[in-house]
There are 2 protein chains.
Amino acid sequence: MDKNKMKHLPHKTIERLSQYRRALLLCHAQGQTHIFSHEIAKIQHITAVQVRRDIMLIGYTGTLRKGYNIEELIALIGRILDTDEGIKACVVGIGNLGRAFINYFKGKRTKLSIVAAFDNNPNKVVKNFCNTETFHIDELERIVKQKGISIGIITVSPEAAPEVTEKLVKAGIKGILNYTPKPVNVPAHVYLEEYDMITSLEKVAFFVKTHSE
Amino acid sequence: MDKNKMKHLPHKTIERLSQYRRALLLCHAQGQTHIFSHEIAKIQHITAVQVRRDIMLIGYTGTLRKGYNIEELIALIGRILDTDEGIKACVVGIGNLGRAFINYFKGKRTKLSIVAAFDNNPNKVVKNFCNTETFHIDELERIVKQKGISIGIITVSPEAAPEVTEKLVKAGIKGILNYTPKPVNVPAHVYLEEYDMITSLEKVAFFVKTHSE
DNA sequence: TTCACAATGTTAATTTATTAACAATTTCTT
DNA sequence: AAGAAATTGTTAATAAATTAACATTGTGAA
């Protein structure tokens, strides 16, 4: 697809493309070759129109009676979400959440990989975790530059978040995913995404509450 | 505020209210008594207008030259997000992520609490974790009913997600927060929120990629 | 062959969310 | 006391996201 258009894909479409791919990979692994928009929709709990619209936006065309070719669609989503060289990320904070992330991500994607993990507690740096090399936080800048890491995932305690962010920015990171409840500040050229588990839980609680009133 | 209006608060406003409260609690703990919309905005990386609009929607009014009374605002957000009796949640899957959630949530809120954790591995059920009682998954239905748990947080492996969901629904749960990459199906009366870490990371990667092209 | 069906692709309409604009008002300064 | 500055509250405008509507087109059945 046209690179110019690619930049203007809506945020929500990007998120869904990632999810489509995940579902498609699963179907592909099971030997399925084609899929209809309403099948994807069912899996993702959204409407078939939305699926077709997203796919239209990325410029792919299915066949009328067989739906979308799964392999082709996976490849195209890859061309949009991935880069040829691959993107490297690191986890900062080897606690439960950091470990969950590394463990969970292991071997899932080829073009996006977690190549290092950092912690300030020397006890947590003694050995590799799930094939991911671990380092002391003081080595962050050196390792980030040496390995060409462009994304940092923050899973430290909230108090440590600002300091860690600063270190990451200083090391030249391009994007940050902050799992701390403390919002952090980054310069404009760094893309920031924040997620807080408590907010999600409180949201669920709110809708549970209002539904039952 | 009027209960009728409360139901119609936008989803995004609900999320932000949760975040405002968190920030406000912090300010309050530091002895601050009032806060301006632009101060809240700065913390949350949003605009002051949005803050004022959200606060308008919940029917609160600040004072013109001092801003918002932090205690009052915290109390009001509490009346919207919380219930008098409190809401109980449980974690299913005592792996790294489940532990992270429990540990992280501990003591943060009074009206929303994680009162149980389940796992199918007996080795993980031997003792309490962070003051949260742990049980074998077979006890789920009994415990959920006994304790009046209304929210389930799924942190098991993707393969186990559908089965766990079914158990939770069968036990009468009202809301589910699914951290598995596998979308699950629930009946209409159960509120479902799903979050996938890989999608977030791929989104960051995409914007890092497009920014640098 | 022809017709009905089931699917895609796309434009238009609608809804939801954000941002802009600005009146109103209190406090501070002079 | 008068005027400037700063801040809220709210309506109007804009932008983003979703949904509806429908034309189009292969395919299979009668």
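Modeller: Before we start, a polar contact is a pair of N or O atoms within 3.5 Å; within protein, one must be able to donate a hydrogen and the other to accept it, and residues adjacent in sequence count only if both atoms are side-chain atoms. The model is predicted, so local features need pLDDT of at least 70 and side-chain atom pairs count only at pLDDT 80 or more, while totals for chains, interfaces and linings use all residues. Residues are numbered from 1 along each chain as its sequence is written, chains are lettered from A and ligands numbered from 1 in the order in which they are written, and side-chain values use heavy atoms, with hydrogens and water left out.

Colleague: Which atom of DNA strand D does Ser37(B) reach with its side chain, and at what distance?

Modeller: A phosphate oxygen, which lies 2.7 Å from a polar side-chain atom of Ser37(B).

Colleague: How many residues are around DNA strand D, and which come nearest?

Modeller: There are 23, and the nearest are Leu64(A), Arg65(A), Ser37(B), Thr61(B) and Gly62(B). Of the atoms of DNA strand D that come within 4 Å of the protein, 59% belong to sugar and phosphate. A residue is near a strand if one of its heavy atoms lies within 4 Å of it.

Colleague: What classes of residue make up the surface near DNA strand D?

Modeller: Eight are nonpolar, eight polar and seven charged. Here Ala, Val, Leu, Ile, Met, Phe, Trp, Tyr, Cys and Pro count as nonpolar, Asp, Glu, Lys and Arg as charged, and the others, Gly among them, as polar.

Colleague: Which helices supply at least two residues each to it?

Modeller: H2 and H4 of chain A, along with H3 (37-44) and H4 (48-57) of chain B. Helices (H or I, at least four residues) and strands (E, at least two) are DSSP runs, numbered from the N terminus.

Colleague: Switching to Arg21(A): is it buried or exposed?

Modeller: Arg21(A) is buried, because its relative accessible area is 5% and buried means under 20%, with exposed over 50% and partly exposed in between (1.4 Å probe, protein chains only). Arg21(A) sits in helix H2 (residues 11-29) of chain A.

Colleague: What does Arg21(A) touch?

Modeller: Leaving out residues up to four places away in sequence, Arg21(A) touches Ile77(A), Gly78(A), Leu81(A), Asp82(A), Arg109(A) and Glu202(B). Contact means heavy atoms within 4.5 Å. The side chains of Arg21(A) and Asp82(A) are joined by a polar contact of 2.9 Å.

Colleague: On to the two chains. How much area do chain A and chain B bury between them?

Modeller: About 6,400 Å², with 67% of it on carbon and sulfur atoms. Buried area is the accessible area (1.4 Å probe) that two parts lose on being put together, summed over both. Chain A and chain B put 69 residues each into the contact.

Colleague: How many salt bridges cross the interface of chain A and chain B?

Modeller: The rule finds 10, a salt bridge being a side-chain nitrogen of Lys or Arg within 4 Å of a carboxyl oxygen of Asp or Glu. One of them joins Lys203(A) and Glu193(B), whose closest N and O atoms are 3.5 Å apart. Helix H9 (residues 197-211) of chain A gives the most to the side of chain A that touches chain B, with 15 residues.
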